Amino acid sequence: MADLHFLANPARFRRFSQRVLPGLGFATVLMLAVGAYMAFFVAPEDYQQGKTVRIMFLHVPSAWLSMGGYALLAALGASLLVWRHPLAALMARAAAPVGASFAAVCLLTGSLWGRPMWGTYWVWDARLTSMLLLFFLYLGHIALSRAYDSPERGDRAAAILALIGVINLPIIKFSVDWWNTLHQPASITRLDAPAIHNSILVPLLWMAVSLLFLFVWLVLLRTETEIDRRRLENAEAAA
Amino acid sequence: MSGFTTLLMRDLRLVLRRPGDVGVVLAFFVVATVLFPLGIGPETNVLARIAAGVLWCAALFAALLSLERLFAADYEDGTLDLLLLAPWPLELAALAKCLAHWIVTGLPLSLLAPVLGIAFGLDGTSLLALGATLLVGTPTLSLIGGLAAALTLGARKSGALLALLALPLCVPTLIFGAGAIETLAAGDGIVTHVAILAALALVALATTPWAIAAALRQAGE
């Protein structure tokens, strides 16, 4: 953590991000292209699910990244409230919509996958429902951080919300699991296959890393924009 | 503790002098609940099955409805600034406000819900269970809602925002509260559910006062 402190200064962060961003963007595009090739042409079809199993290569990493994104929001919130890092607020503002988008992608691909597999776009499955609630938590964070005339106030309110949210996420997840077993006991075959074969696992992990690159790239780019925006606002207020 | 009781009594006295405010919340609860049989149809077995969920959701909405003003009046007339300056923990002030909110909404809602449950055709034990789960579960709603109210203090469109923040966090309480009556119908006891509701209330009691105090401090800055 101590090594990351040098990035707390927005000007220094900007110099760092401007050096990193072009290469990172190039690597992201390249990795996504290779990942798409692997997902569409290299990975075998599932003997039961056919071609639709390829949705997994986008669906599962999106779920991972949306959960990781909320953990990032909480960490940024903590560093804003504890150390008052000015950059943490701007980065949280930049990261929340990205995380929400990954949650939305996860929900959309899941529902498109559910239609051919389960025969319906939506089931009140525990995992689907808790992902939906995570999406709502993201929406609350985004709405709260932008609800004030003074952006600093919104930043800190959203930071407190992210910390309370991260404490509550496991409780929500647990209670939704409980709720689902109460209401519909195992009517859906889950993807609890004994072990994933390497021919599927390698493209999946490759896509996960590529999408992680995309996530980081988007967050850095958006943080730069937020720095510029905050500067403009301050300049306008001073003028 | 004297500051705590003073603040609590002050809030209760304020409500007592304008009992209409609480009356409106309870009236909303009754009207919202009565709309469900009208929308769904009068079959008694269907109504008995959905009664717990409907009453719990309506209680949740009614509690949220009254939360918007929890800190707003103090924020506008300067009482909050005095609370911030006072030489005793703001966390206790937050707790007193939430307790006052529970006494004037959560408690009457818990007593009123079983009465409405009769109209939904719930049997005697289910009515008792409904009252008991609401009694244990509504403090959590007051605490989480209090946090949402403190976070949205002075925000634009604070009412809708408050609901958006509080509702996902209230999901566990709703699940175990409404689920208890369902287990009762399946022939099991509700002890587990009440215990988990109590645990949720204790977690909220241990975390939210600090978060509310932090939110109030930045509102006062």
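Analyst: Buried residues account for 37% of the 239 residues of chain A in this predicted model. Chain A contains six helices and zero strands, and from the N terminus its elements follow the order α-α-α-α-α-α. Among the contacts in chain A with a separation of 6 or more, 78% are between residues 24 or more positions apart.

In general, two packed helices are described by the angle between their axes and the distance between the axes. The axes of helix α3 (residues 44-67) of chain B and helix α7 (residues 124-151) of chain B come within 10 Å and cross at roughly 35 degrees. The crossing of α3(B) with α7(B) is right-handed. On the side of α3(B), the contact includes B:Ala52, B:Leu55 and B:Leu67; on the side of α7(B), the residues include B:Leu130, B:Thr138 and B:Gly145. By type, the residues of this contact comprise twelve nonpolar, four polar and no charged.

B:Pro172 belongs to helix α8 (residues 158-185) of chain B. B:Pro172 counts as buried because 28 other C-beta atoms lie within 10 Å, and the cut-off for a buried residue is 20 or more. Leaving aside residues up to four places away in sequence, B:Pro172 touches A:Ile171, A:Ile172 and A:Ser175 of chain A, together with B:Leu200 of chain B. Between the C-alpha atoms of B:Pro172 and B:Gly137, which are 35 residues apart along the chain, the separation is 9.9 Å.

Key:
Residues numbered from 1 in each chain as written. Chains lettered and ligands numbered in written order. Predicted model: local features only at pLDDT ≥ 70, side-chain atom pairs only at ≥ 80, totals over all residues. Axes fitted to C-alpha atoms, helices over the stretch in contact; angles between N-to-C directions. Helix = DSSP H or I, 4+ residues; strand = E, 2+ residues; numbered from the N terminus. Left-handed = near helix turned anticlockwise from the far one by under 90°. Contact = placed C-beta atoms within 7 Å. Nonpolar A, V, L, I, M, F, W, Y, C, P; charged D, E, K, R; others polar. Buried ≥ 20, exposed ≤ 12 C-beta atoms within 10 Å, placed from the backbone.
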